[in-house]
Amino acid sequence: MDLSTILSRVQFAFTVGYHYIFPQITMGLAFLIVLLKTLYLIKKEERYNISARFWAKIFATSFVLGVVTGIPMEFQFGTNWARFSAYAGDIIAQTLAMEGAFAFFLESAFLGVFLFGEKVFGQKVHWFASVMVWLGTWASGAFIVASNAWMQHPVGYTIVGNRLHISNYWEVLFNPWIFPQYLHTMSGAVITGAFIMAGLGAYYLLSKSHVDYGRIFVTLGVIVGLIASIIQLYPSGDLEGQQVAKYQPAKLAAFEGLFHTEQGAGIVILGQPNTATGQLDNPLIVPKVLSFLTYRRWEAVVTGLDAFPPSQRPDSIELLYYSYHIMVGLGTFFIPIMGVACLLWLWKRRLFTTRWMLWILMLAMPFPVIANTAGWFTTELGRQPWIIYGLLPTAQGSSANLSAGNVLFTLIGFAGMYLLLGLLYVVLSVTEALKGPESGEGEETEVAEEGGLPGLATGTVAEG
Amino acid sequence: MATLWFILVAFMLTMYVLLDGFDLGAGIIHLIAARSDQERRLILRAIGPVWDGNEVWIIAAGGTLFFTFPVLYASSFSGFYLPLCIVLWLLMWRGVSIELRSRVPSPVWASFWDGMFFLGSTLLAIFYGAALANVIRGVPLDAHGVFFEPLWTDFNPFSKTPGILDWYTILIGLMAASTLTMHGSAYIARKTDGTLNARARRILRISWPVTIVLTIVSTIATFAVQPQIYASFNARPWGAIFPLIAFVGLLGIGHFAFRNRDLAAFFSSCAFIAGMLASSAFGLYPDVLPAVDPAHSLTIYNASGSPYGLTVGLIWWMIGIVLAVIYFVFTYRLFWGKVTAKGEYSGY
């Protein structure tokens with residue numbers, strides 16, 4: 001693989017990985033905001049509505065970052081992966097373009113109503129707008145997962161000359177690969193949102209500020225977080241594992257660091273893959289579990305990497321192995337964290353005063369983002385050496401007309417730009433979170449004078 | 001079918017220029033039109049609820065171009081690699097400058113983002129013009145439909161190895177900046193009153209004759225640089241309707257600008273821009289990306305997707321675009337009228 005292609009891979013991985021920090025937050029929070037807004041309409045307690053407005057502010061900042069870092073994604077297929085785009089654009093771009101037509105227009109319109117239209121349209125329309133924003137963000141996720149699923153498991157195509165033509169639209173849209181991946185991705189996003197909500201609530205309770213809201217956030221965060229964490233493992237994680245075992249056995253072997261085909265293969269808890277010697281260093285293995293998880297039989301044979309010629313194996317086995325183990329390891333911890341927190345909540349609401357648990361919730365905030373990122377690394381590195389599994393090698397998908405110097409130039413540019421954006425995002429979100437939900441409430445005009453915040457949702461500019 | 005998609009993609013790009021064009025224009029003029037912090041906020045309020053939706057048109061157009069003309073998408077995006085990445089950075093930075101400006105109550109912070117908003121908007125307008133000019137002038141495509149253009153070479157549009165920037169593309173870039181200045185000032189005049197409105201109207205009246213001059217010069221240059229355009233109008237004279245629309249629009253802008261009819265001036269500006277873009281598209285057809293060597297040009301025939309893909313695409317595209325238009329009518333109705341300092345909500 002030439003340097004230009006390697007740099008294009010790094011640039012795509014970096015820009016899409018960075019971008020995905022924000023959609024997972026917005027997809028998760030959009031769902032939680034709908035819950036808060038619904039609770040308000042049912043219980044008629046103003047606290048829930050103020051909470052919804054507060055999270056809408058955090059949502060809005062994340063949304064802006066998601067939009068601006070998302071723009072390059074739509075274009076990078078063409079800029080850096082021209083041969084892939086010309087080869088498969090007839091199919092892959094259908095779902096990408098549908099995202100624009102069906103999700104982005106919807107989101108941008110209803111987000112305006114949601115952020116600016118509460119007073120004008122009243123509570124029912126405002127609730128409806130929050131639902132539409134949620135559906136918009138999740139529809140966006142569905143089209144992207146559909147596009148990725150097709151690259152993992154191409155269907156509905158015919159090969160015409162040196163290009164692919166779409167032969168069955170519905171097969172592409174209902175690719176069996178989509179459902180498990182979509183469920184897994186969305187519950188992952190909800191976990192991120194729930195941990196952020198619970199974590200900020202825990203901070204409020206620990207610092208004894210905005211305590212009322214701290215309770216709401218922690219309660220909603222841990223309940224939703226527990227449910228989503230369980231779905232993440234079963235059924236969605238399990239379904240994904242089965243699918244990979246069936247269609248991409250080399251990927252599964254690399255996940256698990258299984259260098260040799262084994263009967264009754266064990267699952268690796270710790271260890272460092274050594275591709276030079278073809279073994280795991282310092283292994284800690286639970287026997288037979290991998291066979292059971294994959295085939296539901298303790299003595300089943302699991303194919304190892306040695307069954308595939310080196311050219312058919314993923315090309316970064318070490319990184320793939322660690323990505324997978326970080327994802328699964330963190331995901332496994334999320335269940336007991338949220339489980340214990342839920343138990344403490346059920347036990348006469350002791351959660352609100354149990355400081356060690358609140359500390360854990362607060363410090364756990366960033367880990368779902370890491371797990372989700374590691375998850376994407378897992379699925380994408382595991383697809384290598386293919387850009388379209390079984391059809392087009394990654395090395396033949398890049399833009400042949402780009403010199404390494406030009407790609408490095410833009411990679412450095414993106415890195416610099418994203419560093420600045422990241423700093424801005426952290427500073428603004430932390431400032432917002434520290435101000436708390438009540439800031440700006442009941443003093444709308446004053447806030448408007450000295451630096452108002454999107455999402456304050458108080459009236460509009462509509463006149464005449 | 002490919003012809004239909006040529007028209008539809010051109011339509012989407014035109015929608016993008018008309019819509020995002022006015023918020024780019026607002027960015028170009030805001031340092032001059034708006035002097036105080038409050039006035040600058042009014043400008044941001046005038047575009048705040050809609051700029052993001054406007055930019056969706058370029059994303060949607062990019063996606064649509066990708067599946068309808070995959071070969072064109074692949075070839076042009078990789079060939080225009082450097083300017084495209086620069087445009088992406090500018091789009092990001094400018095979007096952030098709109099949203100973050102009023103987040104920190106500090107005059108230094110606000111001034112910084114005001115400057116960025118101006119710079120991003122102006123450079124984008126120039127780059128968009130230059131991009132269109134590159135497509136009109138043609139690029140050094142080889143027999144495989146591949147090219148790579150450096151940012152500049154010898155600044156000569158007749159060169160065998162042209163760069164992104166030459167005197168012709170820079171000329172069109174300046175024309176685009178002047179046009180969007182006009183477009184944005186008409187929009188801001190419409191959305192504001194008082195001194196802000198008066199300044200926007202003055203900018204509109206100044207940018208109008210400048211645009212006329214640049215339009216005349218650009219048109220002459222275009223016929224010189226790309227003979228295909230003249231040939232197209234000669235072969236299909238009915239296409240004269242497009243430059244006619246542009247001409248009427250351009251007259252309308254001046255007519256209404258000097259009678260203080262801001263909305264009518266804005267719609268005239270829309271007609272002018274749409275007419276100019278349609279004329280360019282009509283002139284290029286059936287080429288989608290002319291080559292320096294005409295034998296290597298990408299056309300609607302050799303760059304389009306499969307017939308089946310184009311057909312199913314058309315079905316969902318029509319549903320999607322009807323929905324999009326409904327959202328847009330709804331949003332613009334909601335935020336119709338002038339923005340005022342007193343408005344309960346600011347956010348900007």
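Biologist: In what order do the elements of chain B run from the N terminus on?

Modeller: This is a predicted model. From its N terminus, chain B runs α-α-α-α-α-α-α-α-α-α-α-β-β-α. Chain B therefore has twelve helices and two strands.

Biologist: How does one judge whether such a chain is as compact as a globular protein of its length?

Modeller: One compares the radius of gyration with the value that the globule rule gives for the number of residues. For the 348 residues of chain B the rule gives 20 Å, and the radius of gyration is 20 Å, so chain B is as compact as a globular protein of that length. Its C-alpha atoms fill a box of roughly 60 × 40 × 40 Å along the principal axes.

Biologist: What share of chain B counts as buried, and what share of its contacts with a separation of 6 or more joins residues 24 or more positions apart?

Modeller: Of the 348 residues of chain B, 61% count as buried. Residues 24 or more positions apart make up 75% of the contacts with a separation of 6 or more.

Biologist: How many helices and strands are there in chain A, and what is its radius of gyration?

Modeller: Chain A has 14 helices and eight strands. A compact globule of 464 residues would have a radius of gyration near 23 Å, and chain A agrees with this at 23 Å. The C-alpha trace of chain A spans about 65 × 55 × 40 Å along its principal axes. In chain A, 56% of the 464 residues count as buried, and residues 24 or more positions apart supply 74% of the contacts with a separation of 6 or more.

Biologist: How should one read helix 1 of chain A, and what span should its 41 residues have?

Modeller: The general approach is to compare the expected span with the distance between the end C-alpha atoms. Helix 1 of chain A covers residues 3–43, and at 1.5 Å a residue it should span 60 Å; its end C-alpha atoms are 60 Å apart, which agrees.

Biologist: Which residue takes a positive phi just after helix 1 of chain A?

Modeller: The general idea comes before the case. Most residues other than glycine have a negative phi, and most peptide bonds are trans. Just after helix 1 of chain A, Lys44(A) has a positive phi of about 55 degrees. Lys44(A) lies in the loop between helix 1 and helix 2 of chain A. Because 10 other C-beta atoms lie within 10 Å, Lys44(A) is exposed. Lys288(A) also has a positive phi, near 65 degrees, in a residue other than glycine. Lys288(A) is found in the loop between strand 5 (279–286) and helix 9 (289–295) of chain A. With 18 other C-beta atoms within 10 Å, Lys288(A) is partly exposed.

Biologist: Where is a cis peptide bond found in chain A, and which peptide bond is cis in chain B?

Modeller: In chain A, a cis bond joins Gln384(A) and Pro385(A), with omega about 5 degrees. Pro385(A) lies in the loop between helix 12 (367–383) and strand 7 (386–388) of chain A. In chain B, the bond from Tyr285(B) to Pro286(B) is cis, with omega near 5 degrees. Pro286(B) is in the loop between helix 11 (262–284) and strand 1 (287–289) of chain B.

Biologist: How many residues does each chain give to the contact between the chains?

Modeller: Chain A gives 66 residues and chain B gives 66 residues. On the side of chain A, the elements that give two or more residues include helix 2 (46–80), strand 2 (163–166) and helix 13. The largest share of that side, 22 residues, comes from helix 3 of chain A.

Biologist: At what angle do helix 13 of chain A and helix 5 of chain B pack?

Modeller: Helix 13 (residues 404–435) of chain A and helix 5 (residues 81–100) of chain B pack at about 10 degrees, with their axes 10 Å apart. Helix 13 of chain A is therefore roughly parallel to helix 5 of chain B. An α-helix has 3.6 residues a turn, so residues three or four places apart point the same way.

Conventions: Residues numbered from 1 in each chain as written. Chains lettered and ligands numbered in written order. Predicted model: local features only at pLDDT ≥ 70, side-chain atom pairs only at ≥ 80, totals over all residues. Helix = DSSP H or I, 4+ residues; strand = E, 2+ residues; numbered from the N terminus. Rg over C-alpha atoms; globule rule 2.2 N^0.38 Å. Buried ≥ 20, exposed ≤ 12 C-beta atoms within 10 Å, placed from the backbone. Contact = placed C-beta atoms within 7 Å. Expected span 1.5 Å × (residues − 1). Axes fitted to C-alpha atoms, helices over the stretch in contact; angles between N-to-C directions. Parallel < 35°, antiparallel > 145°, perpendicular 65-115°, else oblique.
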